[in-house]
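Please open the model in your viewer and keep the selection tool at hand. The stops below follow one another, each with something to select and something to look for.

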Amino acid sequence: MLKSVSLFLLVSAASAGAMAQSPAAHASAAAPAAAAAPASCPALLNQNFKRLQDEAPQNLCQYAGKVVLVVNTASYCGYTKQYEGLEKLYAKYGPRSLVVLGFPSNDFKQEAESAKDIADLCYNTYGVKFPMFAKTVVSGPNANPLHASLAKQTGKEPKWNFTKYLIGRDGKVIEHFPSKVAPEDPQLVSKIEAAL
C-alpha cells in the first residue's frame, strides 16, 4: 500500500513538473517566431511617427521590403514645387514598391505653423498621396531618430528642405541627394529603378 502511494505521488509530481514546464516550452517555442518578427523589419525603419492628417501613430516597419525615398519638406521654399515631382515618382513607381515618405520640418524656417496648413498645401495644392508625417526636426542634435540614423550612415544631414535619402528593400541607405536634385533628375530616377 505504501509502495503504491509512493508510486502515485512520484507519477503525480512528474506530471506536474511536465505541466509546469509546458508553458515554458510553449514560450520558448514561440520565442523564435517573436524574435524573427523584428528581424524582418530593418532597424532603420523600426520607428514610430505620427501621421500628418490625424496624428495617428505609424510604424515605418509597414514599409519594410519596399524601396523608400525619405524627404524633409517645407511649405514656403523655393523647392516646394518638388511635391509635384515626388507625387509623380510615387504614382509611377508605387506599383513596383517605391514609397515616398514626407517629413515636414521647420528647421530652415520655411514650414507652416499648423498641421492643417501643411496638409492643405500637400493634399489640396499638390495632390500628394504619398505618406506624410507630422512636423519634426530633421537636423542637429534634436533630429528625429530616423534622420539621425540617416545622417550617421551617410555622413550627410539635411542642409536644406527637400533633402532626399534613398533606402533599399533591405533597409540600407543607397544614397543621399541634396535639395537641388529634383525628383525627375536622371541620377535619382536611375538609382530608384536599379533598386526596384
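A polar contact is a pair of N or O atoms within 3.5 Å; within protein, one must be able to donate a hydrogen and the other to accept it, and residues adjacent in sequence count only if both atoms are side-chain atoms. The model is a predicted one, in which local features need pLDDT of at least 70 and side-chain atom pairs count only at pLDDT 80 or more, while totals for chains, interfaces and linings use all residues. Residues are numbered from 1 along each chain as its sequence is written, and side-chain values use heavy atoms, with hydrogens and water left out.

Select Asp-185 and Gln-187 to begin. Asp-185 caps the N-terminal end of α5, with a side-chain oxygen 2.9 Å from the backbone nitrogen of Gln-187. Helices (H or I, at least four residues) and strands (E, at least two) are DSSP runs, numbered from the N terminus.

Next, select α5 itself, residues 186-195, where Leu-188, Val-189, Ile-192 and Ala-195 are the buried residues (buried means under 20% relative accessible area, exposed over 50%, partly exposed in between, with a 1.4 Å probe and protein chains only). Viewed down the axis of α5, these buried residues fall within an arc of 130°, so they line one face of the helix; the arc is that of the directions from the helix axis to the C-beta atoms. Pro-186 and Ala-194, on the other side of α5, are exposed.

β3 and β5 pair in the antiparallel sense over four bridges, and Leu-69 has Leu-166 in β5 as its bridge partner.

Then select Phe-162, in the loop between α4 (145-154) and β5. Phe-162 counts as buried, at 0% relative accessibility, and Tyr-83 is buried as well, with a relative accessible area of 0%.

Finally, show both rings: Tyr-83 and Phe-162 form an edge-to-face aromatic pair, 5.4 Å centre to centre and with 85° between the planes. Rings of Phe, Tyr and Trp (its six-membered ring) pair if their centres lie within 6.5 Å; planes under 30 degrees apart count as stacked, over 60 as edge-to-face and the rest as tilted.

Note on methods:
Two strands pair if DSSP finds at least two bridges between them.
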